[in-house]
Amino acid sequence: AESLSLPISKEQLAYLLGTTPETLSRSLAKMVEDGLIAMEGKEITVRDELGLNGLASVCMPKE
């Protein structure tokens with residue numbers, strides 16, 4: 001499983017994504033609940049790459 005460590009706070013990440021910290025937290029919690037990722041502090045581990053890619057394709061606008 002791939003892991004990454006967020007180099008910034010969740011508040012800063014939310015700002016960069018154009019959302020609120022609360023919305024970001026809910027989205028991350030849903031991805032944890034769905035088994036797509038695991039989180040511990042600033043460490044995020046991808047648990048289901050195909051599922052995460054599927055979620056990204058639903059969320060991204062088609063060109």
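Biologist: In this predicted model, which residue of β3 is the bridge partner of Leu4?

Modeller: The bridge partner of Leu4 in β3 is Ile44.

Biologist: What makes strand β1 and strand β3 a pair?

Modeller: Two strands pair if at least two bridges are found between them. Strand β1 (residues 3-5) and strand β3 (residues 43-46) have 3 bridges, so they count as a pair. The sense of the pairing is antiparallel.

Biologist: Why are β2 and β3 called paired as well?

Modeller: The requirement is again at least two bridges. Strand β2 (residues 37-40) and β3 are joined over 4 bridges in the antiparallel sense, and therefore they pair. Within this pairing, Ile37 stands opposite Val46 in β3.

Biologist: What lies between the strands of that hairpin?

Modeller: The hairpin of β2 and β3 has 2 residues between the strands. In this hairpin Gly41 takes a positive phi near 65°.

Biologist: How many of the residues count as buried, and what makes a residue buried?

Modeller: A residue is buried if its relative accessible area is under 20%. Of the 63 residues of the protein chain, 19% count as buried. The protein chain exposes about 4900 Å², of which carbon and sulfur atoms supply 57%.

Definitions and conventions. Residues are numbered from 1 along each chain as its sequence is written. This is a predicted model: local features need pLDDT of at least 70, side-chain atom pairs count only at pLDDT 80 or more; totals for chains, interfaces and linings use all residues. Side-chain values use heavy atoms; hydrogens and water are left out. Buried means under 20% relative accessible area, exposed over 50%, partly exposed in between (1.4 Å probe, protein chains only). Accessible areas come from the Shrake-Rupley method with a 1.4 Å probe; for residues, only the protein chains shown count as cover.
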